[in-house]
Amino acid sequence: MHLIAHRGFDGQHSANTVAAVNGAAPQADMIELDVQRCGSGELVVAHDSLIDIDVDGTTEVADLDATALAKLDAHGGEGIQTLDAVLGAVPEDTGVNLELKEEGIVEQALESARSTPHYVIVSSFDAEAVRAVSAGDDDGVDLAYVLGLTPTDDLEVAVTTDCEYVHPNAWLCLLTGVVGDAHDAGLGVNAWTVDSRAGAWALAHREVDGLIASSPHVTGWVD
């Protein structure tokens, strides 16, 4: 199985930062990063659209420029950093999973994916974002549809958009037949978010292809 560092192994490091990449890369096959656009137009690496710090009455990533975001104490002493800065810290032999938080950043994210030497998976919960990536017909960039636990989440979007992967919630992998169904459809399966060795062991026996994990230690079981 591939080991994918969720936000740079957020169980150990300040999530979605250069420091997380530096700490995670030696132990991970890929780094998963959350991507959205800030007020000055750059793509930044952040999971939530809201920030915990009020800056002159503003608490939204989309309303603050990259300079202001970088100065925040948002991640254990680190600010919210640009995608270019975080990608620059990833070793070339380590893959990158860019999870897009909205449809409107697809073209810009694909430009970043094309310009980086890394193997890139672009993923999203947003079916329209997945369709927009698929329409871009990007050779060299693989596509994944992220599945949660709601009844509307299914494999149809992944199949009809020529995804290479689905990224189901780990409980979905354990409690349903989604792994076998995905494999039958020719899709790889990377399960999220794995935070225990017992969970990793159970997912391995479900034959998932990758673990999107909060710590590298989840793979430390004895088979």
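This is a short chat about a few features of a predicted model.

Reader: Hi! What should I know before I start?

Author: Welcome! The model is predicted, so local features need pLDDT of at least 70 and side-chain atom pairs count only at pLDDT 80 or more, while totals for chains, interfaces and linings use all residues. Residues are numbered from 1 along each chain as its sequence is written, and side-chain values use heavy atoms, with hydrogens and water left out.

Reader: Is Cys163 buried or exposed?

Author: Cys163 is buried, at a relative accessible area of 7%. Buried means under 20% relative accessible area, exposed over 50%, and partly exposed in between (1.4 Å probe, protein chains only). Cys38 is buried too, at 3% relative accessibility.

Reader: New topic! Which residues of helix α9 are buried?

Author: In α9 (residues 197-205) they are Gly199, Ala200, Ala202 and Leu203. Helices are DSSP runs (H or I, at least four residues), as are strands (E, at least two), numbered from the N terminus.

Reader: Where do those buried residues sit around α9?

Author: Seen down the axis, they fall within an arc of 165°, so they line one face of the helix. That arc is taken from the directions from the helix axis to the C-beta atoms.

Reader: What comes just after α9?

Author: Glu207 does, with a positive phi of about 70°.
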